[in-house]
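Open the model in your viewer and keep the selection panel at hand.

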Amino acid sequence: MYQPSETRYDTMKYRRCGRSGVLLPLLSLGLWHNFGDITPFQTQQALLRTAFDHGITHFDLANNYGPPDGAAETNFGRHMDTDWRPHRDELFLSTKAGYGMWKGPYGDWGSRKYLIASLDQSLKRMHVDYVDVFYHHRPDPNTPIEETMGALDQIVRSGKALYVGISNYGPEQARAAIRELRRLGTPCLIHQPRYSMLDRWIEDGLTDVLREEQVGCIVFQPLAGGLLTGKYLDGIPEDSRMKRDSRFLKPGAQTDEMAEKIRGLKEIAEARGQKLQHLALQWVLRDEGITSALIGASRPEQILDNLEVLNAPELTGEELEKIDRILGKK
Ligand SMILES: NC(=O)c1ccc[n+]([C@@H]2O[C@H](COP(=O)([O-])OP(=O)(O)OC[C@H]3O[C@@H](n4cnc5c(N)ncnc54)[C@H](OP(=O)(O)O)[C@@H]3O)[C@@H](O)[C@H]2O)c1
């Protein structure tokens, strides 16, 4: 039987998620890759245990994580049975709906019909009675925001989720959703956008909205799927995502221009005595408004490695300016 480490809360740091009672670890673990049916159960188990043993209390899922769609939740349900049921109250679990999940007009986007049916399916697959956060995964241009947010409110009131969030919403869409949820009496806990040194779109308005509205922010793909480890600078390693499972990280994703930026960033990291991945994680977390960085991992050692970010010396103003110059921001 799994016995979590006694020291699991000794080193992790936690940040408050917006204006809420929830604290999230600086690093959270996403189950988008490496939890489908192409990854051995034991590897998945080692990833989850390693994370939790070091204070990573938050695991992030979605209805469509796999492959195939739904498999990450089904596999997580098995992990729930073998390892996690006795520790459920120490875990913060999320899932989402918003992308195509089943055939026909009711298995996609943002209707009340889709969101409620999808969460019911997710709970069955995950072998849990409720999730801690349920997200609308992407904005739906054709469904009134009142309907989508009304579904999230109904979900919280029915006890199937404790909190709700939104993902991939732009600044004004986010503001409208947050205000509608507040009007309904179910505050929006968190937004989940993509953010890394290679994709800074949230700086153009979204972070201001979240600060003003006092909503938390967990950023996904802080390592740009692995590009910001520098592992693709000399070709495509055999044991990498681009080789093993390139559904969302195609060969060619790293352009020459990007490779030059990554080399420049790696030099800055090395001058600080760091690895590039630690600089990349520290950089997304440099603002207290970012509650958590949502990482993926294919091996437990990567989680241990990424935890080094907790010991990193602060970034100086000069270093931040250098980074901006490399990234073409200044
Ligand atoms: N809301 C949304 O729309 C959305 C979209 C995408 C993702 N997400 C969430 O974000 C999570 C993270 O996404 P992601 O996995 O793409 O994030 P990521 O952290 O940018 O990339 C993770 C990948 O980088 C490599 N890696 C990580 N640490 C490493 C290390 N120390 N050394 C070497 N390689 C390392 C591993 O790939 P390999 O070892 O396989 O090369 C790992 O699977 C997802 O699981 C999901 O929960 C949400």
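How many helices and strands does the secondary structure of the protein chain come to? The chain has 11 helices and 10 strands, where helices (H or I, at least four residues) and strands (E, at least two) are DSSP runs numbered from the N terminus. This is a predicted model: local features need pLDDT of at least 70, side-chain atom pairs count only at pLDDT 80 or more, and totals for chains, interfaces and linings use all residues. Residues are numbered from 1 along each chain as its sequence is written.

Show the C-alpha atoms: they fill a box of roughly 55 × 45 × 40 Å along the principal axes.

Next, select residues 112-126 (helix 3) and 145-157 (helix 4), whose axes come within 8 Å and cross at roughly 30°. Axes are lines fitted to C-alpha atoms over the stretch in contact, with angles from 0 to 180 degrees between N-to-C directions. Helix 3 is therefore roughly parallel to helix 4 (angles under 35 degrees).

Finally, select the ligand, which 29 residues surround, the closest being G30, W32, F220, G226 and G296 (C-beta atom, placed from the backbone, within 6 Å). Strand 10 (292-295) and helix 10 (300-306) are the elements giving two or more residues to this shell; helix 10 provides the largest share, three residues.

Terms used: Angles under 35 degrees count as roughly parallel, over 145 as roughly antiparallel, 65 to 115 as roughly perpendicular and the rest as oblique.
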